[in-house]
Amino acid sequence: MSDTPDNAPKHCPGTASEQAGKAASCQGCPNQKLCASGAGKNPDPAIGEIGEKLSSVKHKILVLSGKGGVGKSTFSAQLARALASDVTKEVHQSGNGWSPVYVEDNLAIMSIGFLLSSPDDAVIWRGPKKNGEFKRMYDFCVASSRLSNTEPQCTFFPLLLLGMIKQFLRDVDWGELDYLIVDTPPGTSDEHLSIVQYLSSTHVDGAVIITTPQEVSMQDVRKEIRFCQKVKLPIIGVVENMSSFVCPKCKNTSQIFPPTSGGAEKMCADLNLTLLGKLPLDPRIAQSCDEGRPFLREVPDSPAAEVYHTIVQSIRTYCSNRQTEPSTT
Amino acid sequence: MQAGAEDNYGNLALVKHVVLVLSGKGGVGKSTITTELALAFKHAGKKVGILDVDLCGPSIPRMLCVGRPDVHQCDSGWVPVYTDAQKSLALMSIGFLMEDPDEAVIWRGPKKTAMIAQLVSDVAWGELDVLLVDTPPGTSDEHLAVLENLRKHRVDGAVLVTTPQAVSTGDVRREITFCKKTGVRILGIVENMSGFVCPHCTECTNIFSKGGGEELAKLTGSVFLGSVPLDPLLSASVEEGRDFAESFPNSATFSSISSISQVLLKSLEND
């Protein structure tokens with residue numbers, strides 16, 4: 001998967017290709033000289049910097065799905081809260097880099113959402129702008145001020161800020177973490193390629209793939225699984241979300257998203273993957289997420305809560321059996 | 001893209017109306033709503049086309065049960081795939097151009113942009129009353145590429161799909177900003193997955209919260225086109241590529257979809 005610059009001609013071989021700068025299609029390209037000199041093949045120095053920065057993070061888990069709206073973010077949030085609820089873990093802080101936003105003593109978040117001054121701001125960026133070089137423009141007091149409901153000090157100018165993903169990985173001071181959960185958008189595109197590329201000099205435990213039962217979802221998820229295999233990202237397992245719904249009145253079960261091709265169970269059997277669990281629909285989950293409240297803590301008797309705990313335990317076990325980053329303490 | 005500019009106008013010259021189906025949020029039912037609107041327009045006697053530009057997750061071919069046919073070329077470009085012998089519903093999707101259906105399209109922005117330029121300019125749609133453009137979630141390369149390539153042709157506007165809950169409407173607000181920034185008229189908002197009526201006891205549960213679509217419409221000064229309930233029969237129909245309107249014409253769900261399609265058609269034809 002080679003890099004094609006924004007201003008490259010139609011059949012650009014990619015800056016990392018052997019043909020970079022030398023192919024017929026390179027004639028007239030403004031990058032031709034640079035590519036021919038071999039500059040494009042040099043790995044981005046940020047990759048090494050990120051490796052160093054994240055060496056204090058013991059476990060890194062990506063939450064992926066080819067399909068949108070299956071519950072990646074919901075799952076990431078519950079997973080993070082469940083892992084943070086293990087009160088034996090200590091909180092560490094350091095003075096270098098951007099401070100993530102702490103929603104609990106031992107649960108920190110970094111998101112582009114903190115950098116947008118208005119809930120109406122759209123991030124309309126082409127691929128390279130999401131991943132390229134990026135200048136730090138403002139103090140992370142912006143994030144803290146949003147939490148305390150004061151007006152942010154700066155306005156966000158998307159066109160001036162580049163390389164958000166690289167910045168999030170390299171310049172956020174996570175300190176010593178037991179788990180870093182990376183929530184991703186749907187699909188297999190710039191963001192996914194970049195995350196994998198930038199994490200290539202660190203140890204990534206693996207990916208949790210989220211799907212819903214229906215084939216329309218799974219046909220996209222299979223592509224995501226292929227992507228993971230292509231980039232050699234281990235798959236911890238698959239979670240089938242929105243698996244069924246129990247009516248709060250009559251207690252009968254309905255399959256709102258029917259598993260017409262056997263659901264995640266069959267897909268996992270076919271592809272030799274672990275099915276981590278099947279999460280039922282519970283309207284209290286959507287409610288908690290909308291209100292930013294901890295679902296697992298507030299509705300511990302939900303059938304979804306029980307499945308969550310089983311899934312989280314499986315992920316914990318998987319991670320503890322894998323090699324971790326060398327400890328810095 | 002410059003090379004396609006003249007053809008772009010040519011291939012879309014006989015398309016009366018172009019409607020984008022957008023959402024900032026994934027999984028709200030853009031493809032489902034696109035499919036159902038297309039079928040509703042078709043049943044109202046219109047000639048309809050669907051352009052599926054979701055390169056990473058093209059869902060429309062499955063929803064219309066067209067399988068993976070070969071795509072043929074003619075003098076003006078690609079011949080769209082017709083779902084029926086009367087050629088009342090035409091379709092083009094990258095899903096048709098991939099040899100392996102499980103193969104991921106792992107492309108960076110410029111390659112996606114180039115593909116979309118071709119999908120917009122090089123399909124010989126012929127005469128259409130409405131071309132619906134199904135998009136991936138977000139506000140990215142695909143959306144910019146579609147708008148740039150439709151520049152020469154009139155885009156009537158966009159239908160925005162949301163589910164009721166705040167995490168969804170929060171993203172759709174950003175999509176509305178995208179529309180305003182790019183000069184795309186907002187034809188209206190559809191709230192999907194609006195409550196679930198238990199088939200056993202008819203109790204309605206708001207699984208994905210309630211009222212967000214209407215609130216969003218009010219907040220942003222947009223038209224609220226209507227809401228579509230969570231219906232396992234609709235989910236099953238799109239899964240199996242069956243025409244929901246033909247299978248369940250008396251259902252409350254079909255009634256909602258039909259009403260939305262009529263409001264939309266009126267809005268397009270009055271312009």
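**Close-up views of a predicted two-chain model**

**View 1. Overall make-up of chain A.** Chain A contains twelve helices and nine strands, and the coordinates shown here are those of a predicted model. Among the contacts in chain A between residues at least 6 apart in sequence, 76% join residues that are at least 24 apart.

**View 2. The interface of chain A and chain B.** The size of an interface is often given as the accessible area lost when the parts come together. For chain A and chain B, the buried area is about 4800 Å², and 55% of it lies on carbon and sulfur atoms. The contact draws on 58 residues from chain A and 56 residues from chain B. Across this interface the rule finds nine residue pairs in polar contact, counting pairs in which both residues are at pLDDT 80 or more, whereas the number of salt bridges found between chain A and chain B is zero.

**View 3. The side of chain A that touches chain B.** Five elements of chain A each supply at least two residues of this side, namely helix 4 (127-131), helix 7 (190-198), helix 8 (215-230), strand 8 (253-254) and helix 10 (283-291). Helix 8 of chain A gives the largest share, with nine residues. Sorted by residue class, the side of chain A that touches chain B holds 24 nonpolar, 18 polar and 16 charged residues.

**View 4. Ser254(A) and the residues around it.** Ser254(A) is found in strand 8 of chain A, one of the elements that supply at least two residues of the side that touches chain B. Leaving aside residues up to four places away in sequence, Ser254(A) touches Ser244(A) and Phe245(A) in chain A, together with Phe196(B), Pro199(B) and His200(B) in chain B. Ser254(A) counts as buried because its relative accessibility is 6%, where the cut-off for buried is under 20%.

View 5. Side chains of opposite charge can pair when their charged atoms come close. The side chains of Arg170(A) and Glu49(A) meet in a salt bridge, with 3.5 Å from N to O. This pair links distant parts of the chain, with Arg170(A) in helix 6 (residues 164-171) and Glu49(A) in helix 2 (residues 45-53), 121 residues apart. Arg170(A) has a relative accessible area of 16% and is therefore buried, whereas Glu49(A), with a relative accessible area of 37%, is partly exposed.

**View 6. Further salt bridges in chain A.** By the rule applied here, the count over all chains comes to 14 salt bridges. One of the pairs in chain A is formed by the side chains of Glu215(A) and Arg222(A), with 2.9 Å from N to O, and both Glu215(A) and Arg222(A) are buried. Another pair joins the side chains of Glu298(A) and Arg293(A), with 2.7 Å from N to O. Glu298(A) is partly exposed, at a relative accessible area of 41%, and Arg293(A) is likewise partly exposed, at 30%. Salt bridges that share partners also bring Glu49(A), Arg170(A) and Asp171(A) together into one network.

Terms used. Residues numbered from 1 in each chain as written. Chains lettered and ligands numbered in written order. Predicted model: local features only at pLDDT ≥ 70, side-chain atom pairs only at ≥ 80, totals over all residues. Heavy atoms only, no water. Contact = heavy atoms within 4.5 Å. Buried area = accessible area lost by both parts, 1.4 Å probe. Salt bridge = Lys/Arg side-chain N within 4 Å of Asp/Glu carboxyl O. Polar contact = N/O pair within 3.5 Å; in protein donor to acceptor, adjacent residues only side chain to side chain. Helix = DSSP H or I, 4+ residues; strand = E, 2+ residues; numbered from the N terminus. Nonpolar A, V, L, I, M, F, W, Y, C, P; charged D, E, K, R; others polar. Buried < 20%, exposed > 50% of the residue type's maximum accessible area, 1.4 Å probe, protein only.
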